[in-house]
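Here are my notes on the model you asked me to look over. Have it open while you read.

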Amino acid sequence: MAEEPAPLVEVFESLARVLTTSSRDWGAYWADAWLYGVLVGWDCEEAHEHDGAWCGGDAATRGMAEQHGWSEDAVARLRRYRAAVRAASAGFEELRAATRQHIAAVYGLPAEMVAGWDAIDKARVTDDTTASSEETSA
Ligand SMILES: [Zn+2]
């Protein structure tokens, strides 16, 4: 019997992790740049006033558009796709927290132990250099 399909939020999180932990230049080839733009995003996505001194704002997207010949319509489409992935990815932390609470409840684990897993995951997300570690996640 087939396993239950993974939620899309988990799929997008995994794909973004693969891209952001790879040493590949995702801007060099147009197809890579497009995938990166959808799954990670070239624009600064911090909730602040974008300032060239602190962040690139939309400069990276404009640079990609110029380098790869993307029209204004294509850039608008890319940003719509990125917005959809962001919206779908927004629930990832909640999903992970809920999964942990469930596991902790089932096995009677202390809350500190479950909270500690977050620190491990954060370190793993930033340290991963390959996608193979995906197989070890719960
Ligand atoms: Zn910014």
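Predicted model: local features only at pLDDT ≥ 70, side-chain atom pairs only at ≥ 80, totals over all residues.

1. I started with helix 4, residues 72-89. With 18 residues at 1.5 Å each, helix 4 should span 26 Å, and its end C-alpha atoms sit 25 Å apart, which agrees. Its buried residues are Leu78, Arg82 and Val85. Looking down the axis of helix 4, those buried residues fall within an arc of 60 degrees, so they line one face of the helix.

2. What about the other side of helix 4: which exposed residues does the face turned away from the buried side carry? That face has Glu72, Asp73, Ala76, Arg80, Ala83, Ala84 and Ala87. As for the buried residues of helix 4, their cover includes helix 1 (8-20) and helix 2 (30-39).

3. Helix 1 passes the length check too: 13 residues, reaching 18 Å from first C-alpha to last, close to the 18 Å expected at 1.5 Å a residue. Buried here are Phe12, Glu13 and Arg17. Down the axis of helix 1, they fall within an arc of 135 degrees, so they line one face of the helix.

4. Now the largest nonpolar core. Ten residues make it up: Phe12, Ala33, Tyr36, Val38, Leu39, Trp42, Met64, Trp70, Leu78 and Val85. Helix 2 and helix 4 each put in at least two residues of this core, and helix 2 gives the most, with four.

5. Last, have a look around Ala33, one of the core residues. Leaving out residues up to four places away in sequence, Ala33 touches Trp26, Gly27, Met64 and His68.

How values were computed:
Residues numbered from 1 in each chain as written. Expected span 1.5 Å × (residues − 1). Buried ≥ 20, exposed ≤ 12 C-beta atoms within 10 Å, placed from the backbone. Arc of directions from axis to C-beta. Contact = placed C-beta atoms within 7 Å. Core = buried A, V, L, I, M, F, W, Y, C linked by C-beta atoms within 7 Å.
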